[in-house]
Amino acid sequence: MKLGFNLILGGALTALVILAGLLAPWLAHFDPVLDADLMSAELPPDATYWFGTDAQGRDVYSRILYGAQISLTVGIVSQIINTIIGVALGMSAAYWGGWWDDLVNGLTNVMLAIPSLIFALAVMAVLGPGLVSLLIALGLTNWSWTCRIARSSTLSLKSLGYVQAAQTLGYSDPRIMFTQILPNIMGPVLVMATLGMGSAVLSEAALSFLGLGIQPPFPSWGSMLTDARQMIQIAPWTAIFPGMAIFFAVLGFNLLGDGLRDMLDPHMRTRKL
Amino acid sequence: EEPRQGGTFNFTAPYGSSFATLDTHASPNIQEEFITQAIHRSLYAWDSNNNAPVPELATSVDESEDGLVYTYHLRKDAKFHNGKALTADDIIYSYKRIADPKNAFPGASYVAIIKGVDDFAAGKSEDISGLKKVDDNTLEITFASPVNPGFSLMQNTTAIYPSNVEDEATFATAPVGLGPFVFKEHIPGSQLVVEKFGDFYEEGKPYLDRVNIILMSEDSARDVAFRNKEIDVSVLGPTQYQAYQQDDALKDNLLEVAEVFTRNIGFNPKVEALRDKRVRQAINHAINTPLIVERLVKNKAYPASGWLPISSPAFDKDKAPYAFDPDKAKELLKEAGYENGFTFEVTASPNESWGVPIVEAILPMLQKVGITVKPKPVESSALGEAVTTNNFEAFIWSNQTGPDPLAAMRCYWSKTAQSACNYTSYSNPEFDKLYEAARDERDPTRQTDLLRQANNLVQDDAPVWFFNYNKAVMAYQPWVHGLAPNANELALQPYEDIWIDDSAPDNRK
Amino acid sequence: MMDAPLLSVENLHVRFPLSGSWFGRGRKMLHAVNGLSLDLAKGECLSIVGESGCGKSTTALSVMGLQEPSEGSILFRGKPFSGPQAPSRMERAMAAQMVFQDPYASLNPRQTVWHSLAQPLRLHNVTARSELSDRIERVMRSVGLTPEQAERYPHEFSGGQRQRIGIARALILQPEIVVLDEPVSALDVSIRAQIINLLLDLQEEFGLSYLMISHDLSVVEHMSDRVAVMFFGQIVETGPWSAIFSDPVHPYTRRLIATIPDPGAVLGLSREAVVEGSVQAPAGWIFADDGSSAPDVTVAPEPSELVEISPGHYVRLARS
Amino acid sequence: MLRFTIRRVLQIIPTIVVVALLIFVIFSVVPGSFATSLLSDGKTAPDPQLMARLNEQLGLDKPVHQRFITYVGDLAQLDLGTSFRTRRPVLELINERIWASLQLAVAAMIFAVVVAVPLGFLAALRPGSILDTVTMVGAVSGLSLPQFWLGLLLMYVFALQLNWLPSFGYGDGSLRNLILPAITLGVTPLALLARTTRAGVLDVLNGDFVRTAHAKGLSEAQVVRRHVARNALVLIITTVGLLFGSLIGQAVVIEKLFAWPGIGSLLVDSVAMRDIPVVQGTILVIVVWFLVINTAVDIVYALVDPRIKQE
Amino acid sequence: MKPLLDVRNLELGLRHGGQAHRILKGVSFQIMPGETYGLVGESGSGKSVTSLAIIGLLKKPLQTLGGEIFFEGRNLLALPRREMRSLRGNRIAMVFQEPMSALNPLQTVGRQIAEMYVQHQGRSWAQAEKMAVEALASVRVPTPERRARDYPHQMSGGLRQRVMIAMALACDPALLIADEPTTALDVTVQAEVLKLIRELCAERGTAVLFISHDLGVIATMCQRVGVMYAGCLVEENATRDLFVSPRHEYTRGLLGALPKLGSRRLHGRQRLVDIDSFIADRSRLTETRFIAPRNPVPGEAG
Ligand SMILES: Nc1ncnc2c1ncn2[C@@H]1O[C@H](COP(=O)(O)OP(=O)(O)OP(=O)(O)O)[C@@H](O)[C@H]1O
Ligand SMILES: Nc1ncnc2c1ncn2[C@@H]1O[C@H](COP(=O)(O)OP(=O)(O)OP(=O)(O)O)[C@@H](O)[C@H]1O
Ligand SMILES: [Mg+2]
Ligand SMILES: [Mg+2]
Ligand code: NI
């Protein structure tokens, strides 16, 4: 495919989600939580309620806009946590080597062995449902791939001239890691984080389905979809629109990640999966 | 119409995706009752037509003057699936097994009404002194206090097991009982199969050859399966109830019953504002309960006018529910000094009918009178803990309020522990007086009257927001006959009465 | 005797564990460097030659403090330069710097050249803007680039220019020793000459000492004052460049020189005379290892010693 | 080879130990307990005495460290403990369920492999073609769908509308029941596998040895068959292993949705009921499964790729 | 005598949109049967693409834009794919630079060599594998029976390159293309490999197109040399003549830029020629071309 197709479409979809989230207060017609009138519950899409209303009589369109805020928060914050943990561990392990490397490797293997959904489920069970718990759960779950990538990228950078030169010029280890290594491994890490945002949004939906997601009144797409799954027959719009929102947002993140990778890392080092 | 013999009935167990154990003594959960209903029998059974427990395994019962000693003349035609005939020994054996502290069975609290169970449980005695075998077919039970033993001894956790099974561990995998169906096969997490018991004591029953009790907790999946005619009955949630009512093909085959659960939001007096009766009443006035019941719960419930449900003998038809009246609510709040409102948190599980969605619905309503509600979502399993450890500001729950009204009202007795069921730490000396009087009253009408007064007192005090009484709805395929409107739990059906007619799909006939 | 050497490596050993996992303790070790000793005098260029994997880079890295020696010591002006009493990275940086083989990998792609040059200065407390600019300008000019080019990123330079920048960076702290690890082998033939000329000019101008690693013997001959020939972790022959190239003694050295394909051959600059025939080891000695087959790198070699056969010209021999 | 195998097998032991420890710690701080979860339906009035007895019987009244010692001791004897809820050995419960899970995982994987590998292969052989575009767009879309949503959709279409397949459940264990859940579960691995296959084959195709093969005068088909396929296989095997290993863990949602009696639904139920021994046991089994598959893959890998067993 | 290979005005590049980027701008040269012809030149001057064009292995965006390549009288560029395939490996063989990656890591080297016999001589695999052992012996691999069962990673770089050579020469091709066959090897190993190519090709009368940027290697291997610069063949001459009297500015610069072994001893250390300052205007370099009239191949009558 032509260079940048993924990047453009992915970027556009992601930008759409970001705009929807940022501009929700202005774009939304109603308050996502308080404008609930049971008298106007389950209305099909019309001029007032563009995407119809849900069982509580809330405007699905407005809720999807606000839901973008939640999904973005979930995606971004969890990936920031993942990335920080993964990069800190992976980079330092590769740089220092020795027992620390063995330890980090062991830990990574452990994390890889526990399926992420199950680990998130366990963490959510401990912390209880809710946004903060979800951020922590997803933030703690998926750092192992980032860690592996940070580690292998650092390993290959470590023997490069400019890193060795920095050592001979008297840079301290942390300085080398921050100024010489980190900027140069950010590419693949960023790709992972972007792809991770998509899976975080999906995980949120899956956890919602299992009763452990973010729960109302926050209008998260996952919980909207979960709530609506029984209404497919009587009020299909309540399920279709959040479903599409998830699909397109995740598609956007995935395409953006693919596009970034095509750009930064043409040899697919980033994602063996 | 003459019941047709034979056929396979595909029943669904909708409340969880697995049976914990087939040893019904060990599990208090509704899910296991679906099996018990087919395989086991207890001393008493629930008569759904008269809403009262009746003796099941005894042909007649003699009651002593003081109401403490009951003599049961056991039926002679009852046989266990392993061929053993029912004798008094089996009952004594079963109750001892249930009361055995080593087992820590949940049914222990039910058999605790029998005299001598305390000593037995404490290890002071080898036997339960209240259980006396007169002869093989006669059993005398002495109770610790004059209660109606039927409510306790009809439970699935007090089912009667045969006393001649060597290895008790096999009850968990290959149960043996007195019921109309014999355990055939269990595919854990999927289904349980039972087959007709030829020696069942009721003549001509059961009609069915085979019952598949299929595990299906996911509502939407169950919906598809039912419409696809893969299952014969389905318990409906509100959304589906509405959908089925609108569907010509389905609307005629719905079985509805008012169950004995009261959905409510319990207020914790720990919260300053909620300690004020006027505030609690204001909340009751501020919420448009009928609207929520109609629109959100899709009429799959009856607005609650008090603690005791409609089917309860002590239900007061004349007591008006709290009217929806936001102005009154504001007034009450002003009186109480909360005209600027306050905030409280409602601990809620994800349940569709009595969980977070309901909190979401009351949220804008209360906001209009200045009260800010914050849902605090928890898992179902954590809800019980939060409530019983008094770790909440308010909670939304569905509590069993029947069939025994005395037991239901006991929850507001100030001597009942908060953790036991006085979750709102309710304490009103006036109520205590009424409750104690009712407890000691032997005349059923007078007792009912006292309980009604107590119930109305609670309604007035509004320790909870009275939301609704559950209406259970079961959809069934047109070829299914013999379903019973069981107010305790609609999903529990008398399999022995059910039969299917010729219009059933061929592979199930 | 000459003056006290600037840098002396004494009996250096470097070993690597083979397949290093923690199950692998007590496993076999790869002897990359085996008792290597050498001296580097002020202002001279000492080259180490040898085939791939013989331990040249490892030696260089040990000198730079990038590889901890397993045994032996490295002294700079008579003071320890390795081990527990080694100076800090900062002090070490003032003594020795390195130019790397691959000009594409030796510059941080995300820093401008100016930044790459200024940061080490700042680290060594040169912070005044004017002085920074001044020094960067000087070093840029001395490697033949214009100061304006410092504002660019590495990818805007050609391979040869990058190598110049690498050299500039090595010189920015004004070290006394510069270690050159194959400084021209990754460069296109046409550019090599420029860099070789530049290195020679700089050596003259700043009185630098070079420790150069190369397997290109014609470059070595052109640049070196002294040459050390390495074979699997050991120096087999060392001496002034002229001695090594006109009177190679050790069979390995002779083979090495003989195998160089040389355009000189077609021009009649025949060197066949130098390497034809065989040289006998001095009486009482034999060549411990004639370099005809690879020794087992996992065991320490047989004892042997470097014997001086003419002034400054040593050959590794074993007693017969 | 034998030594390689033994070493790989031994290497998974520390991982298992750490996982066991981790889940023990997590579930010793989880709120709610088995006793209180019995109340979750609002029906059973709690009897404090009974609860105390229950906790005593389950050993929950002992301090954490003591419980941990018991847990580890039992574990060392391959005893996963006894379920709180069913009062039966956890191993037995898992044994009842694991086969259904395996069936599902195997079916899903077969579906994924059968579809993804040829598609990925063809896509890589004709990069930029319509097939390639469609495959890759399909793959990335497959990765962007919430699983339960897809499952519901399939259920509505294939069970309700078309009436081709049963919508749920294990039935009598026949293939018909397996199809929908397996497809739903298989979509994600399918998408990932198609992408990796394509990338892997492209990688191999760009390898110098493929150029050598062309230089030998082999035809395109011969090159692919003799030189590309096996090299790509190495990558595909690893991916299949990784995906297959994690599939049981991923199946949780699908098992819930389709009422499939696997250990995924056992796990979710047990978490909800706070039946901690079962939770621990199930997770452990899922982890062991993952590790065993990956070890097996490593061994197969070593058989296929002569470079591995060397060291 | 007719040339074995006659490249005429070869143009090659990529089309982007409607435009064509030319990488080779009209390259012509001829190779006689049995002759070793060298190509030198700066990196990126187009040596490799020339060789790939001859054997027909140009990768996608690259394509020939013009010219002809006559091999044994047939224009390779106009040949049907099938026929081109039967030439490849059989009449024209190639040895690549990186012996590690150029061999299939998952097949024994014996089998990889044997594939040549199966493909071009229709042998059975069993027979072919026996012949592969002989081929290995012919490139002087010690214990060829055992080595035939080895995988590439079990061999050193020099051995692998020998395997490549055995493979290339298996079917006695008329032309061997060697694209920098020894740059990845150590000097001592390089000498052996070069010697092997020289001897085997002389023995069998195979013509060689030898690509290198190491003038030393070219000098020892080739009878004639072409110098490439920016997609043009700027000078061509017999090796000795080229080294003694280079005529093109770039060639002169190139020769002056190299330190020559032994010259320091004779002439002292002299500054090397800096091509950049030596050549005033690079853009003019391709304008002049010096193609010497071809001498008859030594030892053969034209
Ligand atoms: N970090 C390391 N870990 C393990 N072995 C190493 C390491 N560094 C080098 N070696 C090994 O030590 C030996 C010497 O390596 P070194 O890089 O010093 O060789 P070299 O002479 O520089 O070779 P080249 O000319 O190829 O650069 C080699 O066999 C190499 O494989
Ligand atoms: N696939 C390609 N797409 C676009 N340009 C290419 C491609 N392959 C080669 N080129 C360009 O063609 C030119 C000639 O490349 P070629 O590989 O033939 O050089 P070379 O003379 O062999 O150099 P080297 O000595 O580095 O091997 C270069 O400028 C290169 O950038
Ligand atoms: Mg090196
Ligand atoms: Mg090339
Ligand atoms: Ni383009």
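The structure is a predicted model, in which local features need pLDDT of at least 70, side-chain atom pairs count only at pLDDT 80 or more, and totals for chains, interfaces and linings use all residues. Residues are numbered from 1 along each chain as its sequence is written, chains are lettered from A and ligands numbered from 1 in the order in which they are written, and side-chain values use heavy atoms, with hydrogens and water left out.

The shell around ligand 1 includes C:Phe16, C:Leu30, C:Ala32 and C:Glu182, together with the residues C:Ser52, C:Gly53, C:Cys54, C:Gly55, C:Lys56, C:Ser57 and C:Thr58; a residue is counted as near if one of its heavy atoms lies within 4 Å of the molecule. Polar contacts are pairs of N or O atoms within 3.5 Å; within protein, one must be able to donate a hydrogen and the other to accept it, and residues adjacent in sequence count only if both atoms are side-chain atoms. An N or O atom in the side chain of C:Ser52 lies 2.6 Å from an oxygen atom of ligand 1, and for the side chain of C:Thr58 the corresponding distance is 2.4 Å. A polar backbone atom of C:Gly55 is 3.0 Å from an oxygen atom of ligand 1. Ligand 1 alone exposes 630 Å², of which the protein buries 60%; accessible areas come from the Shrake-Rupley method with a 1.4 Å probe, and for residues only the protein chains shown count as cover. Strand S2 (29-40) and helix H1 (56-64) of chain C each give two or more residues to this shell, where helices (H or I, at least four residues) and strands (E, at least two) are DSSP runs numbered from the N terminus.

Around ligand 2 there are 13 residues, of which E:Ser43, E:Gly44, E:Lys47, E:Ser48 and E:Val49 come nearest. Oxygen atoms of ligand 2 lie 2.5 Å from a polar side-chain atom of E:Ser43 and 2.6 Å from an N or O atom in the side chain of E:Ser48. For E:Gly46, a backbone N or O atom is 3.0 Å from an oxygen atom of ligand 2. The protein covers 61% of the 640 Å² of accessible area that ligand 2 has on its own. Helix H1 (residues 47-55) of chain E supplies the largest share of the shell, 3 residues.

In chain B, the axes of helix H14 (residues 429-440) and helix H15 (residues 444-461) come within 8 Å and cross at roughly 160°.

Technical notes
Axes are lines fitted to C-alpha atoms, for helices over the stretch in contact, and angles run from 0 to 180 degrees between N-to-C directions.
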